[in-house]
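Here is a brief report for a reader meeting this structure for the first time. Look over the sequence and the model, then read on.

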Amino acid sequence: MPQVFVAFVIALAFISSASVRSAFAQGFPNKTIRIIIPFTPGGSNDVVGREIATGLQARLHQTAVVENKPGGGGNIAYSYVAKSPP
(Lines give C-alpha, C1' and ligand atoms only; values in the text may rest on other atoms or scores of the structure.)
Protein backbone atom coordinates (compact mmCIF):
# COMPACT_ATOMS: atom_id res chain seq x y z
CA MET A 1 0.00 0.00 0.00
CA PRO A 2 2.74 2.58 0.79
CA GLN A 3 4.41 1.88 -2.56
CA VAL A 4 1.17 2.67 -4.38
CA PHE A 5 0.85 5.93 -2.48
CA VAL A 6 4.43 6.95 -3.27
CA ALA A 7 3.91 6.14 -6.96
CA PHE A 8 0.69 8.16 -6.95
CA VAL A 9 2.44 11.18 -5.38
CA ILE A 10 5.30 10.99 -7.90
CA ALA A 11 2.87 10.72 -10.81
CA LEU A 12 0.83 13.64 -9.48
CA ALA A 13 3.97 15.77 -9.10
CA PHE A 14 5.06 14.93 -12.63
CA ILE A 15 1.67 15.74 -14.15
CA SER A 16 1.35 19.01 -12.26
CA SER A 17 4.86 20.13 -13.17
CA ALA A 18 4.34 19.25 -16.83
CA SER A 19 1.17 21.31 -17.03
CA VAL A 20 2.71 24.48 -15.60
CA ARG A 21 3.57 27.02 -18.27
CA SER A 22 6.73 29.00 -17.93
CA ALA A 23 6.42 32.70 -17.24
CA PHE A 24 7.58 35.04 -19.96
CA ALA A 25 9.74 38.01 -19.10
CA GLN A 26 7.95 41.33 -19.42
CA GLY A 27 10.99 43.56 -19.56
CA PHE A 28 10.94 44.59 -15.91
CA PRO A 29 11.97 47.24 -15.04
CA ASN A 30 10.93 49.33 -18.01
CA LYS A 31 10.91 52.68 -16.17
CA THR A 32 13.38 54.62 -14.07
CA ILE A 33 13.84 53.05 -10.64
CA ARG A 34 13.23 55.60 -7.89
CA ILE A 35 14.58 55.01 -4.42
CA ILE A 36 12.86 57.25 -1.87
CA ILE A 37 14.88 58.01 1.28
CA PRO A 38 12.94 59.60 4.17
CA PHE A 39 16.05 61.34 5.54
CA THR A 40 18.17 64.37 4.65
CA PRO A 41 20.88 64.12 1.99
CA GLY A 42 24.41 63.41 3.15
CA GLY A 43 23.60 61.06 5.99
CA SER A 44 24.43 57.39 6.24
CA ASN A 45 20.99 56.38 4.90
CA ASP A 46 21.56 58.54 1.84
CA VAL A 47 24.98 57.00 1.20
CA VAL A 48 23.59 53.48 1.48
CA GLY A 49 20.70 54.35 -0.84
CA ARG A 50 23.07 55.75 -3.45
CA GLU A 51 25.27 52.66 -3.25
CA ILE A 52 22.18 50.48 -3.76
CA ALA A 53 21.18 52.62 -6.73
CA THR A 54 24.63 52.21 -8.26
CA GLY A 55 24.42 48.43 -7.85
CA LEU A 56 20.95 48.32 -9.38
CA GLN A 57 22.10 50.36 -12.37
CA ALA A 58 25.01 48.03 -13.00
CA ARG A 59 23.00 44.86 -12.55
CA LEU A 60 19.72 45.78 -14.27
CA HIS A 61 21.09 48.23 -16.87
CA GLN A 62 18.38 50.69 -15.91
CA THR A 63 18.53 54.21 -14.50
CA ALA A 64 18.10 54.43 -10.72
CA VAL A 65 17.44 57.77 -9.01
CA VAL A 66 17.67 58.52 -5.29
CA GLU A 67 15.13 61.04 -4.01
CA ASN A 68 15.35 62.42 -0.48
CA LYS A 69 12.04 63.39 1.14
CA PRO A 70 12.87 64.37 4.74
CA GLY A 71 10.40 65.61 7.32
CA GLY A 72 7.45 64.53 9.37
CA GLY A 73 9.22 61.53 10.85
CA GLY A 74 9.21 59.92 7.41
CA ASN A 75 5.50 60.55 6.80
CA ILE A 76 6.19 62.86 3.85
CA ALA A 77 8.20 60.18 2.09
CA TYR A 78 5.70 57.46 2.97
CA SER A 79 2.76 59.43 1.60
CA TYR A 80 4.77 60.28 -1.52
CA VAL A 81 5.39 56.58 -2.14
CA ALA A 82 1.77 55.67 -1.38
CA LYS A 83 0.46 58.20 -3.90
CA SER A 84 3.00 57.42 -6.63
CA PRO A 85 2.02 55.41 -9.70
CA PRO A 86 2.88 51.72 -9.62
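A nonpolar core is a set of buried Ala, Val, Leu, Ile, Met, Phe, Trp, Tyr and Cys residues joined through side-chain atoms within 4.5 Å. Buried here means under 20% relative accessible area. The model is predicted.

**The core.** Six residues make up the largest nonpolar core: I33, I35, I37, A53, A64 and V66. Two elements, β1 and β2 (64-68), each give two or more residues to this core. β1 gives the most, with three residues. In soluble globular proteins, nonpolar side chains tend to be buried together.

I33 also has contacts along other parts of the chain. Leaving out residues up to four places away in sequence, I33 touches L56, L60, Q62, T63, A64 and V65.

The largest pocket has a volume of about 310 Å³. Its lining counts 13 residues, and T32, I33, R34, P85 and P86 lie nearest the centre. β1 (33-37) and α3 (75-83) are the elements that give two or more residues to this lining. The largest share, three residues, comes from β1. By type, the lining divides into eight nonpolar, three polar and two charged residues.

**Salt bridges.** Side chains of opposite charge can pair when their charged atoms come close. The count here comes to two salt bridges.

| Salt bridge | Closest N and O atoms |
|---|---|
| E67 with R34 | 3.8 Å |
| R50 with D46 | 3.1 Å |

What does the pair of E67 and R34 tie together? E67 lies in strand β2 and R34 in strand β1, so the pair ties together parts that are 33 residues apart in sequence. E67 is buried, at 17% relative accessible area. R34 is partly exposed, at 37%.

R50 and D46 both lie in helix α2, four residues apart, which is about one turn of the helix. R50 counts as partly exposed at 40% relative accessibility. D46 counts as buried at 5%.

**A positive phi.** Most residues other than glycine have a negative phi, and most peptide bonds are trans. H61 is not a glycine, yet its phi is positive, about 55°. Where is H61 found? H61 sits in the loop between α2 (44-60) and β2. H61 is exposed, with a relative accessible area of 68%.

Technical notes
Residues are numbered from 1 along each chain as its sequence is written. This is a predicted model: local features need pLDDT of at least 70, side-chain atom pairs count only at pLDDT 80 or more; totals for chains, interfaces and linings use all residues. Side-chain values use heavy atoms; hydrogens and water are left out. On a 1 Å grid over the protein atoms alone, a cavity is a set of points where a 1.4 Å probe fits but cannot get out, and a pocket is an open set with protein on both sides within 12 Å along at least five of seven lines; lining residues have an atom within 4 Å of a point. Grid points are joined across faces, edges and corners, and a volume is the space filled by probe spheres set on the points. Ala, Val, Leu, Ile, Met, Phe, Trp, Tyr, Cys and Pro count as nonpolar, Asp, Glu, Lys and Arg as charged, and the others, Gly among them, as polar. Buried means under 20% relative accessible area, exposed over 50%, partly exposed in between (1.4 Å probe, protein chains only). Contact means heavy atoms within 4.5 Å. A salt bridge is a side-chain nitrogen of Lys or Arg within 4 Å of a carboxyl oxygen of Asp or Glu.
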